Amino acid sequence: MSKKIIALLLVMVMVLGLAACGGSDEGTTTSESNSGNNTEKTFTDGYPQNYLRYVNSEDPSTLDVMLTTGDYMVPLNIYDTLVESTCDDEGNASISPALAESWTVSDDGLTYTFTLRKGVLFHNGEELKASDVEYSVYRMMDPERDCVNTDVYDMIVGASEYLNGEADSIEGLKVIDDYTFSYTLEQPYAPFLSNLAVPGGAIYNQKACDLADEAAGGVKTDSKFGVEPEYTIGTGPFQVTEWVTNDHITLVRNNNYWKDSVPEYAAPSTVEGIVLFTVGDSSTMKMMFDNGDIDIFDLDNCREAIGTYRADATLGSQVVETTRLGTYYYCLNQQVEGLDNVLVRKAIQRVIDRQALLDSLYYGTGIIANSILAPGVVGYSQLPEIEYDVAAAQDLMTQAGYSESNMLHLEISQSSTASSTTLNINEAVQQMLKQIYIDAEIVQVDDATWSSVRSQGGMDMYQTSWSADFNDPDNFIYTFFSHANAVKRGFNYNNEEVMDKVEEARFMTDTEARLKLYSELEEQIVYEDAVWVPLFHLQHVFVLSTRVNPETFTPNWAGWSSMCFYTLNFNK
Amino acid sequence: MFKYILKRLLICIPVLITVVLIIFWMLNVLPGNPIEQMMGEKLKPDVVERLTEKWGLNDPWIVRFGRYIRDVFLHGDFGDSYKKNRPVIDLISESFPNTVKLAVSAALVAWLVGIPAGIVSAVKKNTIFDRLCMGFALCGISMPVFWAAMLLQFIFGYKLNLLPISGYTTWKHMILPAIVLGWSSSGSIARLTRSNLLEAMRNDYIRTARAKGLNEGGVIYKHALKNSMMPVVTTMAIQFAGLLSGATITETVFGIGGIGRLTVNALQTRDIPLLQGSIIFSTALIMIGNLVADIMYSFLDPRVRV
Amino acid sequence: MTNFEKDQYQRDLAARINAADGNYQYTEDNALAEISELDTTWQRIKNMLKSNKVAMVSLIVIIAIILIAVFAPLIIPCDPYEIDLPNRIKGPTAEHLLGTDEFGRDILSRLMMGSRVSLVVGLVPTIISMGIGIVLGLVAGFSGGKVDFIIMRLADVCLAFPSILFAMLVSYTIGQNLLTIFVALSIISWAGTARIVRAQTLQLKEKEFVEAAISIGVKKRTIIFKHILPNCVPHLIVLFTMHVPSNILSESSLSFLGVGAQPPSTSWGLMVFKMKEFLASQPVGTLAPGIALLIMVLAFNFLGDGLRDAIDPTLKD
């Protein structure tokens, strides 16, 4: 008998133990409805209500935008550049003044003279002067630092020499007075202004940067700039106040922001700050959004949810799509057996049912691509459609000598950390290729191996996307089909004539002739050489919580996945 | 005894160096330039070349290894993370408190579930109670961690809306991760408690105690339990050391910035200094756990010198 | 987590063998009794299965899963690889009993095919690692001295290595496929087995009959196969049932980290992972493989516990 009592007691202890850890929070949990998008949720306890909450999958590596080519979310909100790229709803892009109020270009296209906007204040209260611009250029090209966006300035006379330690100063950079300075280029470079608009072209304050270097004991590579919020100073609409590694970054609104007093830019908003959370798992992100823990959910992280949100009665109108100046494509390596035959490459272009992929995997959020350039990029033109035609593709393969009994073996490489849709596309394409006697194997390697194998031209084929850093065809064509990059990007492209012309086009000053040449090159590469399998131009889809006004969600530049939240506002 | 402990501690150092050597070598065999990887798709080839040269990544790996070991053991300098541009020590010491929080709460859950479950199933050996308790405890170690985590998030965070889904700023945030991790650790504690208690209850002095007419509860509590807990405590020590060295998946799913996530991120981005640093750290923790366990055992029985 | 448990069990066992307390059968220096140890082990297992219903059911479940895996190509209702994009992520229907996945493939068929990978991933690395462990344990125990020292320190290195990280490193180094998973899961987990076999060897080496056998020139091989290995069998069986479930789960963790089974083939772990995005819209997609995995691993655990009750020498009545 007593045995049973003991056992019962022990079971009770266990149950109590469980209850103690599972239920003791009952008293403090606020009872909330399950409707989603309730703003007063436990998760954001401690953040004022007017803070916008966003979620990222990775903690940024640094907030110093000179040191990164990808972590743009915070930089876009805390720094400004001399000029800005904007893209309207029709996809027309233009360059507009920002920190530089105006500029002139000399007739030979070599010298750019800028006039700075007066009265622009950094977060530390310092006024923006031409000396800060000069400092920013020197900082970027400083051989002691490890800056990675040196291509923003490397066409300025003497900049590369300075970077290599062969010169003490940058000859082409002249400060004329506190608000005027000029850049002189080595040769006319058409995309120069667009290039200055990239996040890496941010202008820093010399005093703040010096303080940050001092705090690191003068070791420039250990600078606290971009690491500790108090040293990370810019002119942007928000200022960093807190960075908890792998958890969140807090930005607060800059009340002295220069755009507030410029009527054509001013966007009065009740958003007092931004909290950027870092969460590594997409299912977690989705549940957080559904629970009202975050305000903006980038559906790149969870494409599968696009359909659900669109169909939702309240959230349907909160789904926003923005043009992403980018193209999804397959790269075909021209130098591997099988793919060296243009017939095979053409067959692959035709057997991929892009519409089906777009509709099912991306819920139709985009258009079929037939080119390298994306709509919205200067010089984009509609090229004839590549038709989906399995029979024609089979014919091409038969001509090339392949059949059921003589299959071509190819490897589709992908990075194991790529998004789940990359794997989905590859799996689907793997099946499609079976119809044309290609036995494809998906090879997953880790990210680092992937980039390394690719830069040696060692992959058969891979799928990825490219979006514009600056608005010029050069940013697409040169990246893939120049002598310098043909192997690095894995195409092993060998049409010398085309590559010579790509180099030529960089420095042409006659815009019309230049764009025409790009268009011809594009047609040659896609249709004749068929090394580029265009897939789609996708929209960037977000879903906003009901308290955010979707009208005010206008990313200024869609080439990057990140955006500036200056214009964003809550519903009244 | 003292000599034995000292000897074991000394052996730890070469073991640690071997672990680092193996990782260093494997990372070296791997294709992939850390710079290219870290800075991403948009990086220009000339920048990669410049930084590779500047950071000495062109040196043979054995040279870099020597340099690393010298810096670590002579200067206590673990270097700077490539990606974060910050001292490795800072990053580890920032992440560790979160891992500690998670480990302590998970261990509490593991003990609160594991020990009672083990006792009940030992006392009620081969009955339905035994099966139920062990079944509950074993379920924890029989599920993929990320799946269990997702289901709990879905039920408690989303459907019932009782607990936060992600983050680690308040104690409430720790409940779900602690249950996931603790439950999966409770299985082994329950098993050990059960088998040790069963063993202890068969011993002569227990029979004597029973014969003397002590009631059953007293027997179990006063004698059997006391004598059987030693190996369980040892396991708890090792398990705790393991929890302290980071729980990658739990940390990822719940968005906790701990050691486990730090390490896996470092591996994925080839952030070699950070990876080395965090591996040394977690390996040292596991070794200490193992050492404590071995010492406890040899303390119990000096004949054992594993 | 389960690794620590294994380590602990192995440590525990090694210590018990070393301590060789009075309950221990081998203290009777009777060579004949040693040989019959194996027979009594089977007898005990049979008895245990008769009395322990849960273990019996577990065994049946495991056999059923093995049968499904073996005959999967013959019994699957649909082609597990056929993509049908218009019918993706559909709930259960008469045609697709468990619905379809993100490509419109039949989940039930994929579940059946996936059982092969999951089982193989559970079994093969276990066999490899135990094989390595037995050989190294024997060598260490027999040779003693420096060889013993080196092998045991190597074992320390393996015990200290963070196992998931190591698995990721291996798959990054030699590419991702099933073979990699085998290597990654087996190459550092031999340490525990080696410790036990070594302890057993050391203990037996001191026995008079073994000493006598050595002195009259009986071959080492005979001693190993006739005396030492049979004595290890009970422990090895228990270890085996602990390794298998932990390997199956490790593979699912690796899938989560992107280095698990490779498509289009699939494992249950990978299915759970890939379908978890659809928990709200097609819950069966992730619940079915998840529950299958849970049942299989649980069955191995229950069977293992039953076996341990039955054959752990220190626990017998």
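User: Leu74(C): buried or exposed?

Analyst: In this predicted model, Leu74(C) is exposed because its relative accessible area is 69%, and the cut-off for exposed is over 50%.

User: Which helix is Leu74(C) found in?

Analyst: Leu74(C) is found in helix 3 of chain C, which covers residues 53-75.

User: And which residues form the nonpolar patch on the surface?

Analyst: The patch is formed by Ile63(C), Ile66(C), Leu67(C), Ile68(C), Val70(C), Phe71(C), Leu74(C) and Ile75(C), and together these residues have about 710 Å² of accessible area.

User: Switching to chain C against chain B, how many residues are in contact?

Analyst: On the chain C side 58 residues are in contact, and they meet 66 residues of chain B.

User: What area do chain C and chain B bury between them?

Analyst: The two chains bury about 5,800 Å² between them, and 70% of that area is on carbon and sulfur atoms. The size of an interface is often expressed this way, as the accessible area lost when the parts come together.

User: How many salt bridges are there between chain C and chain B, and which residues form one?

Analyst: The count is 1 salt bridge, and Arg191(B) forms a salt bridge with Asp305(C), where the closest N and O atoms are 2.6 Å apart. As for polar contacts, 5 residue pairs are found across the interface of chain C and chain B, with both residues at pLDDT 80 or more.

User: Which helices of chain C supply at least two residues of the side that touches chain B?

Analyst: Those helices are helix 1 (2-19), helix 5 (145-160), helix 6 (163-174), helix 10 (220-256), helix 11 (268-275) and helix 12 (283-311). Helix 12 gives the most to that side of chain C, with 13 residues.

User: What about chain B itself, how many helices and strands?

Analyst: Chain B has 13 helices and 0 strands, and its C-alpha trace spans about 85 × 55 × 30 Å along the principal axes. Of the 306 residues in chain B, 64% are buried, while the accessible surface of chain B comes to about 11,200 Å², with 68% belonging to carbon and sulfur atoms.

User: Among contacts in chain B between residues at least 6 apart in sequence, what share joins residues at least 24 apart?

Analyst: For chain B, that share is 72%.

User: Last one, over in chain A: is Ser182(A) buried or exposed, and what does Ser182(A) touch?

Analyst: Ser182(A) counts as buried because its relative accessibility is 8%, and the cut-off for buried is under 20%. Ser182(A) lies in strand 7 of chain A, residues 180-184, and, leaving aside residues up to four places away in sequence, Ser182(A) touches Thr111(A), Tyr112(A), Thr113(A), Gly172(A), Leu173(A), Lys174(A) and Ile176(A).

Conventions. Residues numbered from 1 in each chain as written. Chains lettered and ligands numbered in written order. Predicted model: local features only at pLDDT ≥ 70, side-chain atom pairs only at ≥ 80, totals over all residues. Heavy atoms only, no water. Helix = DSSP H or I, 4+ residues; strand = E, 2+ residues; numbered from the N terminus. Buried < 20%, exposed > 50% of the residue type's maximum accessible area, 1.4 Å probe, protein only. Contact = heavy atoms within 4.5 Å. Patch = residues over 30% accessible without salt bridge, like charges linked within 9 Å, V, L, I, M, F, W, Y side chains within 5 Å. Areas by Shrake-Rupley, 256 points an atom, 1.4 Å probe, with all protein chains shown as cover. Salt bridge = Lys/Arg side-chain N within 4 Å of Asp/Glu carboxyl O. Buried area = accessible area lost by both parts, 1.4 Å probe. Polar contact = N/O pair within 3.5 Å; in protein donor to acceptor, adjacent residues only side chain to side chain.
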